[in-house]
Amino acid sequence: MMMMMMMMKPAPLLLLLAGLGAGGSAAAAAPDTRATFARPQQMIDVGGRRMHLHCSGSGPVTVVFDAYSGGTGWSWYQVQPEVAKRTRACVYDRAGLGFSDPSSRPGTSANAVDDLQTLLGAAGIAPPYVLVGSSYGGANAQLFAYRHPAQVAGLVLVEPHHEDETARGNAASGGKLKQMYAMQAQMTAACIEHAEKGFVPGSEAMASCVGATIPEQGRELAAAHMAHAMSAPRRRAMAAEEAQFDTSGGQLRAARRTFGDLPLVVLVRTLNPFADPSKPPSKLVKAMEAENLKIQKEVAALSRRGEVRIIAGAGHIIHETKPEAVVKAVLDVVGQVQN
């Protein structure tokens, strides 16, 4: 689902909203690799402002990763290094997030696609690209593929946003989804206000909005993650994307068509972000999950080479809970492209 993700371990409400998105994995990357993500690598001018790009590896195909709403390139720290062993792999930060400068333009999917196209060109990274997108980043990846079809050789969509998912999910949940989103919007505004004043260590606001560090990230990346979560400008950039969800959905809807025979893998969760994991799933949860799976199957069906993979034990942000499944999907698509 397209939703803003908090940068630290979230409070109970945000766990429901985020689908366990901030957790780590037992398969954490090596410490030196993790630390690399804690520092800017390349700062590329995109017309009066800079965007952050981090690439490694080499090969005829470049894999480009796009994170969930409010997310940063470092969210892929368990995936990108593994993919880079086989081909060039790049993560980047959207405008105002991570190490990238803010933009005066609205935080829409179309503007994110334009920024990425400009960034790759300015950095001299030529196609073909395999685009990997999580949640909102999955919407961006789809829109990029529609707008620049000659440049995109494959797609891996990790619980990608669909333009009708809010309406359909709300119907399946009996109206509860929009209630949760309204609560999220209130918390977003409150957390921005606290960030502007400065979080007080040990306060309820600090616990709710920022949470604790994630040991699996390593000391340097965890510190960068914490600083990002406490930054008012970064939180405003997150909110700017959230405020444009309807507009971004409309942009994807207007572009929607077949992907032809483009290699496409869609990864789908098994853990509902609104469910209590200690209890059996309710009828409501089952209805929401059935609708989510139906939506993702529809996306996969847009390509004659589309495939759905259901990832057992995965939350919404699959690359942070089951990174090995994302690595496999990406390398499978890269293999299809190269053969």
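Tutor: Happy to! A disulfide here is a pair of cysteine sulfur atoms within 2.5 Å. In general, such a link is a covalent bond between the sulfur atoms of two cysteines. Please keep in mind that this is a predicted model, where local features need pLDDT of at least 70, side-chain atom pairs count only at pLDDT 80 or more, and totals for chains, interfaces and linings use all residues. Residues are numbered from 1 along each chain as its sequence is written, and side-chain values use heavy atoms, with hydrogens and water left out.

By the distance rule, there are two disulfides. Let's start with Cys55 and Cys90, whose sulfur atoms sit 2.1 Å apart. The torsion about their S-S bond is about 115°, so this disulfide is right-handed. The pair links distant parts of the chain, 35 residues apart: Cys55 is in strand E2 (residues 50-56) and Cys90 in strand E4 (residues 88-92). Helices (H or I, at least four residues) and strands (E, at least two) are DSSP runs, numbered from the N terminus. Cys55 is partly exposed at 24% relative accessibility, while Cys90 is buried at 0%. Buried means under 20% relative accessible area, exposed over 50%, and partly exposed in between (1.4 Å probe, protein chains only).

Now for Cys191 and Cys209, with sulfur atoms 2.0 Å apart. Their link is left-handed, with -85° about the S-S bond. Cys191 lies in helix H7 (residues 176-197) and Cys209 in helix H8 (residues 204-210), so the pair ties together parts 18 residues apart in sequence. Cys191 is buried at 1% relative accessible area, and Cys209 is buried at 4%.
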